[in-house]
Amino acid sequence: ASSGHTTESVKAALTERIPNTERVIVEDLSDGCGNKFHVIVVTPDFDGKPLLDRHRMVNDALKEEMKVIHALTMKTWTPKQWEANNP
């Protein structure tokens, strides 16, 4: 069954609910049914925050969506980390 969520709807939710996002990349890993996503969120607001806090920010931003999305993997990077991982 489809979750009703798309890469576009997940991206819009993250962009709207996490401050100062410089980049949000969403990949549907579920063959289009919207049950499994991988996201990359880049914001300077992650600077100085431990990984757990970063993931909590993403999970909080997708609280409603996570009721029907079965799996979410994520990378939560500062702009410097993005640059280091994408030369």
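Predicted model: local features only at pLDDT ≥ 70, side-chain atom pairs only at ≥ 80, totals over all residues.

Visitor: How do you know where helix 1 lies on the strands?

Guide: Helix 1 lies across strand 1 and strand 2, and runs at about 150° to strand 1. Helix 2 lies across strand 2 and strand 3, at about 125° to strand 3.

Visitor: Why is His 5 called buried?

Guide: Buried means under 20% relative accessible area. His 5 comes in at 18%, so it counts as buried. You'll find His 5 in the segment before helix 1. Leaving aside residues up to four places away in sequence, His 5 touches Val 10, Gly 34, Phe 37, Glu 65, Val 68 and Ile 69.

Visitor: What makes Arg 17 and Glu 65 a salt bridge?

Guide: The rule asks for a side-chain nitrogen of Lys or Arg within 4 Å of a carboxyl oxygen of Asp or Glu. For Arg 17 and Glu 65 the closest N and O atoms are 3.0 Å apart, so the pair meets that rule. Arg 17 lies in helix 1 and Glu 65 in the loop between helix 2 and strand 3 (71–77), so this pair ties together parts 48 residues apart in sequence.

Visitor: Are those two partners buried or exposed?

Guide: Glu 65 has 7% relative accessibility, so it counts as buried. Arg 17 has a relative accessible area of 41%, so it is partly exposed.

Visitor: How many salt bridges does that rule give?

Guide: Three. Another is Asp 53 with Arg 56, where the closest N and O atoms are 3.2 Å apart. Both of these residues lie in helix 2, three residues apart, about one turn of the helix. Asp 53 is partly exposed at 30%, and Arg 56 is partly exposed at 43%. Lys 67 and Glu 64 also meet in a salt bridge, at 3.1 Å from N to O.

Visitor: Why is Lys 67 called exposed?

Guide: The cut-off for exposed is over 50% relative accessible area. Lys 67 has 61%, so it is exposed.

Visitor: On to the sheet. How do you know that strand 2 and strand 3 pair?

Guide: Pairing takes at least two bridges between the strands. Seven bridges join strand 2 to strand 3, so they pair, and they run parallel. Among the partners, His 38 has Thr 73 in strand 3, while Val 42 stands opposite Trp 77 in strand 3.

Visitor: What makes strand 1 and strand 3 the edge strands?

Guide: The sheet is open, with three strands in the order 1-2-3 and mixed pairing. Strand 1 and strand 3 each pair on one side only, and that is what an edge strand does here. From one strand to the next, the twist averages 10°.

Visitor: And which elements make the β-α-β unit?

Guide: Strand 2, helix 2 and strand 3 make that unit, and it is right-handed.

Terms used
Residues numbered from 1 in each chain as written. Heavy atoms only, no water. Helix = DSSP H or I, 4+ residues; strand = E, 2+ residues; numbered from the N terminus. Buried < 20%, exposed > 50% of the residue type's maximum accessible area, 1.4 Å probe, protein only. Contact = heavy atoms within 4.5 Å. Right-handed = clockwise from strand over helix to strand, strands pointing away. Axes fitted to C-alpha atoms, helices over the stretch in contact; angles between N-to-C directions.
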